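These notes are meant to be read alongside the sequence and the coordinates. They go point by point, from the whole chain down to single contacts.

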Amino acid sequence: MAEYFPEIQQIQYEGPQSKNPLAFKHYNPEEVVEGQTMRDLFRFSVCYWHTFRGTGTDPFGSATLVRPWDDGSDSVENALKRVDVAFEFISKLGAPFYCWHDRDIAPERSTLRETNAVLDQIAAKLKDKQAETGIKLLWGTANLFSNPRFMHGAATSCNADVFAFAAAQVKKAIEVTHELGGENYVFWGGREGYHNLYNTNMQRELDHLARFMHLAHDHAKSIGFTGQFLFEPKPKEPTKHQYDFDAATCLNFIGRNGLDGIVKLNIETNHATLAGHTMMHELELARIHNALGSIDANTGDLLLGWDTDQFPTDIYLATQIMLVLLEQQGLGSGGTNFDAKVRRESFDPVDLFHAHIGGMDAFARGAKIAAAIRADGVLSDFVAQRYRSFDSGIGAKIEDGSATFADLEAYMLEKGESAPNESGRQEWIENLINQYL
Ligand code: XUL
Ligand code: CO
């Protein structure tokens, strides 16, 4: 069988002293962190769209990532060959999972029936390769944004036929995800949003989006797909106002529309920062709502205001992410999917390896640092101490609901003034975290 990365051997863990650029320095799949192997803790996933379909185009320039194996056509042969490329890459990297949009793996044809037939053909090969390599599908999703039919959105389009097309496409994508043993199904808003309220009925669009998710869930149940549904927040791009703006907006949508427990969140770093939040904020908000399902690992650029989808190498960022993930003992059926792309100037196939190795190592370091911080209890002890006034007395009565406004007034009239405040010690805590890096 043809080899597409002949110069690359299986990537091994060689430890922090290794100088080999094609080895892990920190990601050791067998190493245990807080009771889980790194393999199970991260559940790393390679995304099909950036890694095997990325071409390096930008608004000013054409493709730079011209791959020797890809003839650039939308033929079935090309798509089938790409499956071999993908599984060779993921196997050599040693990632246990991958993810796709339907249109990443299989080209679109002029009718839905023909498109579905091609998708089945590719899915059959993916299934064989999964069985052969042991690589599993973390999640599937449908591309409801590239085709011009989705110019006004998909589930939130003003055109009912477009809603119907999107429904048919998602029905099929869920079925293929199920057939391939996928553990989750993702909804990212794509063009679900709007540019101008002058021509938009926001109420109807939001109701249609909720209807769409319920229909997806009903269909999943009917075919026995028990994977987790995930909603992926993003504030803008391609539309100005995306309906899935951030974790808070998505949680509100889920709660208001009876989707609690049915849909959790897939949180992406670059989307968090575009929304004006830190990744840690988004993760913690999802976690405390029991809705942190999975993450899209990447990073943006502080100086650029768009979704640059770079590979994450920042140890502070990885540590903050891992502080939250360790608090909920990992991601359950979710995983750490590299929704990240190499820069268009990094056009050699080997750059794809460097990128993923760096991301996996950054997360592994972050996990080790976060585990050390947690083992010493420095943050948890400080936070517990900071809120101790709610552990007994009037604070406990506030929390257990037994204190009324009248009780609180009586308490304060008697006392005259509140107890003095204590320093938040932010600078000291930031210094303390630095001691672990
Ligand atoms: C877009 C994005 C998507 C989703 C899947 O910014 O993140 O690739 O992850 O549709
Ligand atoms: Co994403």
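1. Helices, taken as H or I runs of at least four residues, and strands, taken as E runs of at least two, are DSSP runs numbered from the N terminus. On that basis the chain, which is a predicted model, holds 16 helices and 14 strands. Its radius of gyration is 24 Å, close to the 22 Å that the globule rule gives for 437 residues, so the chain is as compact as a globular protein of that length. The C-alpha trace spans about 80 × 60 × 45 Å along its principal axes, and 50% of the 437 residues count as buried.

2. Helix α6 deserves a look of its own. It covers residues 160-179, and its 20 residues reach 29 Å from the first C-alpha to the last, close to the 28 Å expected at 1.5 Å a residue. The buried residues of α6 are V162, F163, A166, Q169, V170, K172, A173, I174, V176 and T177. An α-helix has 3.6 residues a turn, so residues three or four places apart point the same way.

3. K234, in the loop between β10 (228-232) and β11 (241-242), counts as buried at 3% relative accessibility, and its side chain makes a polar contact of 2.9 Å with the side chain of D307. Q130, which is found in helix α5 (residues 112-133), is buried with a relative accessible area of 11%, and its side chain is joined to that of Y98 by a polar contact of 2.7 Å.

4. The loop between β10 and β11 also calls for a check of its backbone. Most residues other than glycine have a negative phi, and most peptide bonds are trans. In this loop, where both E237 and P238 are placed, a cis peptide bond with omega of about 10° joins E237 and P238. E237 moreover has a positive phi of about 75° although it is not a glycine, and with a relative accessible area of 31% E237 is partly exposed. R425 is another residue other than glycine with a positive phi, here near 55°; R425 sits in the loop between α15 (405-415) and α16 (426-436) and is partly exposed, with a relative accessible area of 46%.

5. Which parts of the chain does the salt bridge between R374 and E34 tie together? The side chains of R374 and E34 meet at 2.7 Å, N to O. R374 lies in helix α12 (residues 349-376) and E34 in the loop between β3 (32-33) and β4 (36-37), so the pair ties together parts that are 340 residues apart in sequence. R374 is partly exposed, with a relative accessible area of 27%, and E34 is likewise partly exposed, at 40%.

6. R43 and E183 form a salt bridge of 2.6 Å, N to O, linking the loop between α1 (38-42) and β5 (44-47), where R43 lies, with the loop between α6 and β8 (184-188), where E183 lies, 140 residues apart. R43 counts as buried, at 12% relative accessibility. In the salt bridge of D58 with R344 the closest N and O atoms are 3.9 Å apart, a value to be read against the cut-off of 4 Å. This pair, 286 residues apart, connects the loop between α2 (48-53) and α3 (76-93), which holds D58, with the loop between β14 (336-338) and α12, which holds R344. D58 is partly exposed, with a relative accessible area of 33%, and R344 is partly exposed at 25%.

7. Salt bridges that share partners also join D84, K125, K129 and E132 into one network. E132 is placed in helix α5 and counts as exposed, at 58% relative accessibility.

8. At the surface, L302, L303, L304 and W306 form a nonpolar patch with about 530 Å² of accessible area together. L304, one of these residues, lies in the loop between β13 (292-296) and α11 (315-327) and is partly exposed, with a relative accessible area of 33%.

Methods
Residues numbered from 1 in each chain as written. Chains lettered and ligands numbered in written order. Predicted model: local features only at pLDDT ≥ 70, side-chain atom pairs only at ≥ 80, totals over all residues. Heavy atoms only, no water. Expected span 1.5 Å × (residues − 1). Buried < 20%, exposed > 50% of the residue type's maximum accessible area, 1.4 Å probe, protein only. Patch = residues over 30% accessible without salt bridge, like charges linked within 9 Å, V, L, I, M, F, W, Y side chains within 5 Å. Areas by Shrake-Rupley, 256 points an atom, 1.4 Å probe, with all protein chains shown as cover. Rg over C-alpha atoms; globule rule 2.2 N^0.38 Å. Polar contact = N/O pair within 3.5 Å; in protein donor to acceptor, adjacent residues only side chain to side chain.
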